[in-house]
Each structure stands twice: as structure tokens, then as C-alpha cells.
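Visitor: I have a structure here that I would like to go through with you. Could we look at it together?
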Amino acid sequence: MNTSVIVSLAAFLVLIFAIGIWSSRNVNRKGSGFLQEYFLGSRELGGFILAMTMIATYGSASSFIGGPGVAYTEGLGWVLLAMAQVATGYFVLMVLGKKFAIMARKYNAVTLVDFLKHRYNSKAVVLFSAFSIIIFLFSAMAAQWVGGARLIESLTGLTYTSALFIFAVAVLIYVILGGFRAVVVTDTVQGVVMVFGTLVILIGTIIAGGGITNIMNDLMAENPNLVTPFGAEGNLTPAYVSSFWILVGVGVVALPQVTVRAMSYRNSQAMHRALIVGTIVVGFIMLGMHLIGVFARPILPGVETGDHVMPMIAMEVLPAWVAGIVLAAPLAAIMSTVDSLLLIVSSAVVRDVYMNYIKPDATVKRVKQVSFGVTAVLGVLVFALALSPPDLLIWLNLFAFGGLEAAFIWPVIFGLYWNRANKYGAILSMAAGVLSYVVIHQFYPDPFGMHSVVLPVVLSFVCFVVGSLLTQGRTDAALHT
Amino acid sequence: MENNGIDLHSDPRYRIANREAVIGVVLVIINFVWWYGFAYGLGSAPPEEYTFVFGLPAWFFWSCVAGFLLMVILVTAVVKFAFTDVSFDEEEEESR
């Protein structure tokens with residue numbers, strides 16, 4: 001399509017490779033043991049890196065490609081909805097907070113499931129959570145791969161299959177080689193690229209549209225609903241938009257790829273710094289990226305596929321070589337989400353299932369081989385799934401997020417802050433949350449005008465409390481105070 | 001790896017952690033009320049009657065732009081003045 005765009009993108013991929021390989025030296029060198037290092041980076045993250053890796057993991061294809069595409073269609077109402085995500089910048093780290101960091105260290109936990117295992121002492125909890133993670137994150141990951149490949153496809157003009165192949169090879173190499181540390185370091189590079197990419201495209205778009213006032217007038221002339229909080233058709237109700245505070249705001253505390261980062265920081269100063277940096281960066285990126293989608297409308301009218309808005313506007317308003325560099329931003333977002341997910345799913349298989357129940361006495365060398373092997377096999381499986389992708393990128397992705405939130409939110413929160421929480425409550429709550437979510441999502445979507453995730457979260461709350469209270473005395477007394 | 005040998009009771013650091021978690025919940029409530037109040041308070045008027053701040057509709061400016069800046073200020077203030085440094089290193093903690 002455009003040589004300078006391709007050259008810039010290729011340079012970015014090479015940079016990411018180099019970082020992955022460089023980081024991999026640490027996997028063998030650090031003294032804290034292979035597992036702690038490969039899956040957790042030896043709990044050494046500083047504040048800036050912590051903030052960036054949380055945002056990069058969380059800001060996925062749906063925020064950077066799908067989200068602006070929907071904002072293009074719906075107008076400012078969708079930007080309003082997206083701003084619910086500012087809460088993730090501070091809420092996750094404050095609520096999981098120091099308690100999670102301290103308990104994870106006491107339990108020597110490497111994954112979310114590790115934490116649940118030690119907190120609840122229950123095989124059922126462990127297996128149920130590990131399989132929820134494997135199933136839900138696997139589908140989220142497939143959605144992200146499709147997004148990444150589509151982006152490369154639309155930028156370079158390669159076929160979808162070759163684009164997917166390039167993407168898959170790039171992701172697998174650095175996840176397998178570098179582990180968690182490579183992932184978070186590249187997340188940081190990608191986070192920085194995203195911030196500058198957002199800024200540059202936003203400014204370029206405002207200039208191309210003749211200033212914000214001009215763009216607003218154009219939008220109002222086309223359809224006044226575009227500048228209201230209610231969406232182009234007027235059907236974004238306050239209840240629906242607010243319910244996204246659960247799905248993409250506070251519910252994010254329960255996502256395993258996010259919680260693992262909340263146990264990986266070095267000290268409380270790092271956490272404090274990450275709170276401030278994270279809030280600024282996540283708010284800026286969400287506001288900027290979605291505004292770009294809205295502002296693009298008068299400049300590029302009539303784009304049919306939402307996913308194409310972002311690449312098209314960047315190439316429209318910027319010189320080609322700048323467009324190439326900043327389009328690395330959404331690609332960066334997708335890759336960094338994918339690499340984290342891949343690592344989480346592989347840790348669920350290796351750590352939570354294999355080491356717990358299949359071969360507890362495995363040697364370090366064996367665990368290492370299994371970890372690399374499982375990561376590679378998972379990558380190939382996702383590749384196969386992404387070859388003939390389901391069309392609904394956001395749907396698959398949000399489906400997975402909702403399912404994980406319904407499963408984990410109360411076992412995590414009550415596990416941390418309610419001493420009488422026990423395994424009966426936890427397993428009841430997880431089962432009720434996941435089952436009701438799948439049923440509601442499939443057969444009665446968006447009950448009472450709210451997103452499908454809301455009722456399952458309420459239901460799993462009730463199940464947890466009732467389940468725990470009815471079974472007091474059947475487990476050991478409170479584990480901690 | 002079982003937690004039998006580990007002291008999970010009455011860690012003094014938990015009081016700090018609990019307080020900070022409550023602060024997180026309070027912040028998110030403030031954030032939500034501000035966001036919702038301005039968006040649907042100002043934005044429910046017919047679009048012809050909108051006022052504009054920096055070219056953006058007033059509801060959007062106050063809810064999303066100002067709301068975001070408010071949260072940055074609140075988070076920074078809370079972290080600087082209300083959050084306490086604790087050690088995560090257990091041996092160090094016990095020797096105090």
C-alpha cells in the first residue's frame with residue numbers, strides 16, 4: 001500500500017523483537033527462580049513500568065480499533081461511555097492494593113489462581129478458575145489476534161493469512177523467549193507509543209477538521225444526536241452507559257491479566273507512582289482515541305467498517321511516515337494485550353493445572369520445557385482459530401471480560417477483605433456468575449437496559465455471601481484478620 | 001506452600017491496606033457522580049440549546065474533560081497525603 005508506512009511498522013516490530021531477546025537474558029540470570037521470573041518478573045516492577053503495563057494490557061483492540069470505530073458511528077455518547085475506564089487507572093491498584101501485594105507474597109502466589117488456591121484451600125476453586133481463565137481468555141486472545149492481523153492487512157495490503165502469520169510469529173517469539181519481563185518492558189515501549197500516537201493523530205485530526213468548533217458544527221448539521229450523550233439513534237440510555245462502569249471500570253479488578261500485575265510491583269512507592277501515572281495515561285488515551293473517532297466523521301464521511309476508521313484517519317491527516325509510526329500505536333496495544341493473555345493462559349495451564357494436579361514433583365527443567373511448550377502450542381491453536389475468525393471482534397472480547405469478571409470479582413474482593421469468606425461461597429459464586437452470564441448473554445441480552453454483566457455480578461455477590469454464611473464452622477476459622 | 005506455617009493473623013499493615021481500599025471506593029463514587037451528573041444534567045437539553053466550552057459541548061467538557069482532570073488531581077492528592085509507605089518484605093517487617 002504505502003512503503004513508508006510499511007517501513008515504519010517493520011522497524012517497530014524489529015524493535016520489539018530486540019527488546020524481547022534482550023529481556024530473555026534475565027530469565028536465566030535472575031536468582032529468584034524460573035517461575036517467579038518467567039510469570040512475574042521476580043516482583044520487581046517499578047512505578048512507571050507498572051502503570052504502563054496495566055494500561056497496555058487493558059487497552060486492547062477494542063479500545064484502539066473497535067472503540068474509535070463505534071465512536072465514529074455513535075458520536076460523543078460513546079466517548080462518554082469510554083471514559084468509565086478512567087476509573088481503572090486508580091481503582092484497581094487501590095482496591096487490590098497493598099493487601100493483595102502482601103498476601104500474594106505470604107502465599108508465594110504467582111498467579112491469581114495461586115492466590116485463590118491458598119486463600120480458599122479448595123481443589124474445586126482452583127480447577128474451576130483455571131478452566132474459566134483458559135476458556136474465556138482464549139477467546140479474548142483469538143479476538144485480539146484477528147484485530148492485529150486485520151490492522152496489518154489494512155496497512156500493508158497483504159492477505160489476511162500472511163498478516164496473521166507475521167503477527168503470530170512476532171508475538172510468539174518474544175513471549176516464549178522473554179516471559180513476563182519481556183512482556184512488561186515491551187508493554188512500556190508500546191504504552192509510550194500509544195500516548196504519543198494518540199496525541200499526534202488527535203492534533204492532526206483537529207487541524208484537518210478546521211478546529212473543534214468547526215467539527216462540532218459539521219456534526220450537528222449532519223445529526224444533532226452525535227453531540228448528545230445519547231448516541232446517533234438516541235438509544236444509549238443512561239442505565240446502559242452507566243452499566244459499563246461495571247464492565248470496563250470497577251469490574252476490571254477481577255481480570256487475571258490485571259491482577260497478576262498487581263502482585264508484581266517492587267514496593268509501595270512503585271504502586272503510588274503507578275496510581276498517578278496510570279490515571280493520567282489511561283484517561284488521556286481513552287479520551288483522545290475515542291475523540292479521534294468522533295472528529296474523523298466530518299473529515300472522512302461514509303466509512304462503513306468501524307475498524308477501518310482509525311487507520312484511515314491516520315493516513316488521511318498525517319504524512320505517510322508519521323502515520324506509519326503512530327499506527328504502530330494500535331498495533332502496539334493489540335500486541336501487548338495478546339502477549340499478556342498468552343502468558344496468563346499458559347500460566348493457568350502450567351502452574352495451576354499441571355504443577356498442582358498432574359505432576360507436582362516436576363523438576364525446574366521440566367517446568368521450563370513445559371512452559372515454553374504450552375505457550376507455543378497455545379499460540380498455534382489461537383492462530384488456527386484466527387484463520388477463519390468470527391466477525392464480531394468487540395463481542396468476543398467483551399464476552400470474555402464479562403465472564404471473567406462474573407467469575408472472579410467476589411472471590412478476589414471477599415478473599416481479601418472478608419475474613420468469613422470461605423470456599424463454599426467462592427465456588428457457588430463463581431459457578432453462579434459464569435453460568436448466569438453465559439445464559440443471559442446468549443438468551444436475554446442486556447436485561448433492564450443494562451449490560452449483560454450486571455446481573456451475574458449481583459447474583460454472584462448474593463451467592464457468595466449466602467454460601468459463606470450458611471457454611472460457617474465447616475471450614476477452619478478465619479485465616480487472617 | 002501451604003499456609004499453615006505462615007502468620008496470616010493481625011498484620012498491622014492490613015489496617016493501612018484496608019483504609020486505602022476504602023479511599024479507592026470513595027474516589028470511584030465521586031468520579032461516577034461527577035461524570036453522570038454533568039453528562040445527563042447538562043446533556044439532556046435539546047442540542048440546539050447547548051453551550052460550548054473550548055468548542056466542545058458543555059456537558060461533554062465538564063463530564064469527560066474536567067472530570068478526568070479532577071480525578072488526576074484527587075488521585076495525586078490522595079497518594080501524596082493519605083497513602084502510607086509499607087514494606088512488603090516480611091523479614092524486615094518482623095525485625096522491627
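This is a predicted model: local features need pLDDT of at least 70, side-chain atom pairs count only at pLDDT 80 or more; totals for chains, interfaces and linings use all residues.

Visitor: Let us begin with the helices. At what angle do H7 and H8 of chain A pack?

Guide: Helix H7 of chain A, residues 112–120, packs against helix H8 of chain A, residues 123–156, at an angle of about 165°. The axes of the two helices are 9 Å apart.

Visitor: Are H7(A) and H8(A) then roughly parallel or antiparallel?

Guide: Roughly antiparallel, because angles over 145 degrees are classed in that way. H7(A) passes H8(A) in a right-handed crossing.

Visitor: Which residues meet there?

Guide: H7(A) contributes A:Val113, A:Leu116, A:Lys117 and A:Tyr120, and these meet A:Val125, A:Val126, A:Ser129, A:Ala130 and A:Ile133 of H8(A). By class, the residues of this contact are seven nonpolar, one polar and one charged.

Visitor: Changing topic: how much space lies in the second largest pocket?

Guide: The second largest pocket holds about 360 Å³ of space. It is lined by 17 residues, and A:Phe91, A:Ile246, A:Val250, A:Trp410 and B:Val28 are the closest to its centre.

Visitor: Which helices supply that lining, with at least two residues each?

Guide: In chain A they are H6 (86–107), H11 (238–249), H17 (393–417) and H19 (454–470), and in chain B H1 (13–43).

Visitor: And what is the class make-up of the lining of that pocket?

Guide: The lining of the second largest pocket has 17 nonpolar residues, with no polar and no charged ones.

Visitor: Now the cavities. How many are there of 30 Å³ or more?

Guide: The structure holds four cavities of 30 Å³ or more. The largest cavity has a volume of about 120 Å³.

Visitor: What lines the largest cavity?

Guide: Its lining comprises 13 residues, and those nearest the centre are A:Met54, A:Ile55, A:Tyr58, A:Thr88 and A:Gly89. Helices H3 (47–58), H6 and H13 (268–299) of chain A each supply at least two lining residues. This lining has 10 nonpolar, three polar and no charged residues.

Visitor: What about the second largest cavity, and which helix gives the largest share of its lining?

Guide: The second largest cavity has a volume of about 60 Å³. H2(B) provides the largest share of the lining, five residues. Residues from both chains line this cavity, among them A:Met83 and A:Val86 as well as B:Asn31, B:Trp35 and B:Phe68. By class, its lining has six nonpolar, three polar and no charged residues.

Methods
Residues are numbered from 1 along each chain as its sequence is written. Chains are lettered from A and ligands numbered from 1 in the order in which they are written. Side-chain values use heavy atoms; hydrogens and water are left out. Axes are lines fitted to C-alpha atoms, for helices over the stretch in contact, and angles run from 0 to 180 degrees between N-to-C directions. Helices (H or I, at least four residues) and strands (E, at least two) are DSSP runs, numbered from the N terminus. Angles under 35 degrees count as roughly parallel, over 145 as roughly antiparallel, 65 to 115 as roughly perpendicular and the rest as oblique. A crossing is left-handed if the near helix is turned anticlockwise from the far one by less than a right angle, and right-handed if clockwise. Contact means heavy atoms within 4.5 Å. Ala, Val, Leu, Ile, Met, Phe, Trp, Tyr, Cys and Pro count as nonpolar, Asp, Glu, Lys and Arg as charged, and the others, Gly among them, as polar. On a 1 Å grid over the protein atoms alone, a cavity is a set of points where a 1.4 Å probe fits but cannot get out, and a pocket is an open set with protein on both sides within 12 Å along at least five of seven lines; lining residues have an atom within 4 Å of a point. Grid points are joined across faces, edges and corners, and a volume is the space filled by probe spheres set on the points.
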